[in-house]
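Here are a few notes to read with the model open beside you. Take them one at a time and find each spot as you go.

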Amino acid sequence: MWEAFSHNLKDPAGAAIPFFLLFMVIEMFAVRREEAHDRDEHAAHQVKGYLAEDTRTSLTMFAASIAYSAVFRTAAFLLYTVLYVHLAPWHLSAANPWTWVGVIIGVDFLWYVYHRFAHRVRLGWAGHQAHHSSMFFNFSTALRQKWNQWFEVMIWLPLPLLGVPPWMIYFVFSLNLIWQFHLHTEKIEKFPRWWEAVFNTPSHHRVHHGSDPIYLDKNYGGILIVWDRLLGSFQTELHRPTYGLTYPVGTYNVWSLQYGEYKKIWQDVRRARGVRDKLGYVFGPPGWAPRS
C-alpha cells in the first residue's frame, strides 16, 4: 500500500506547474504585443487578453486548490485502495501497455460523464461554476480551479473496482489535466481537421466556455472530443464566444466565486414550499424553478 501511495505523491501535474506559469507569461506578452499593433475601435471593445485583477483571482484560486486537492486526493486514495484490495475481482498490471491505454480512455470517458453532470445538476454546478466565472479566456483561466472536489472522488469509483491501481487513476487524471491546460487560449485557432475530429482543442474548448445560447452545455470532453460527437453534446465554433457565466458575477472575491452558488441554493431551498421544489433547487439543472 505504501508503494502505491508513494506513486500518488509523484503527481505529473505538480511537476508541470512551472511550465503552466511560463506559458502564461509568454501568452501575456504575445497578447500585449498584438494589442499594441491592433488599436482599432472594434478590438478596443472586446474583452480579451489579460486583466491584472482577473489574473490575480485565477492564480489565488489555483494556489488554494493545490491544498484542497491534497486533502481530497489523500482521502479518496485511501478509499480507492480499500476497494482495489478487497473488492476488485482482479488487479490490472501497470506493466502492460494496454492497461495504460484502457485507463487513459476510461478516465477520459468518466471525466466527460462528471463534466456533463457538473453542468446539468445544480449541486455539481455550484462547485464547477468557479472555473467558468472569468470573462477572459487565457492560460490563467485554466488555473482558475474549483476547491470543491467531492464529486470527482465519486466519479472514479468504478476504476479501482475494475482492478485499476489507485495511484494510476490520479496519475492518468493528472495527464488529462495537463492536456486541458493548452485548451485555454485564443492564440491557437485551429488544428488539422483530423485532429479537431478526434481530440479536444482550443477551438472546441472556447465553445465550452462560451455563455452564448448556442454554446451552452457543449463540448465536455477532456482529451477526446469523440464523446461529445457520439453523445450529442458537440458544437463547432461559429464565432468568438462571449466568455463567463450567463449572469454577471460582479466580484473578484474568491470566497464568493467558490461558495456563492452554494449560498444561493441554500436560500432557494429555505424558500421552497414542498419537498419536490426543495429537491429541484438542488438536483435540477442550473436555473431550475418550480412551475407557477
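1. A quick definition to begin: a residue is buried under 20% relative accessible area, exposed over 50%, and partly exposed in between, using a 1.4 Å probe and protein chains only. Bear in mind that this is a predicted model, where local features need pLDDT of at least 70, side-chain atom pairs count only at pLDDT 80 or more, and totals for chains, interfaces and linings use all residues. Residues are numbered from 1 along each chain as its sequence is written, and side-chain values use heavy atoms, leaving out hydrogens and water.

2. Is Phe19 buried or exposed? Phe19 counts as exposed, because its relative accessibility is 51%. Look for Phe19 in helix H2, residues 12–36 (helices are DSSP runs of H or I, at least four residues, numbered from the N terminus).

3. Now try Gly260, which sits in helix H14 (residues 254–271). Gly260 has a relative accessible area of 19%, so it is buried.

4. Next, the largest pocket (an open set of points on a 1 Å grid, with protein on both sides within 12 Å along at least five of seven lines; lining residues have an atom within 4 Å of a point). Its lining has 34 residues, and Asp11, Ala13, Ser69, Arg73 and Leu177 are the closest to the centre. Which helix gives the most to this lining? That is H4, with 7 residues.

Notes. Helices (H or I, at least four residues) and strands (E, at least two) are DSSP runs, numbered from the N terminus. On a 1 Å grid over the protein atoms alone, a cavity is a set of points where a 1.4 Å probe fits but cannot get out, and a pocket is an open set with protein on both sides within 12 Å along at least five of seven lines; lining residues have an atom within 4 Å of a point.
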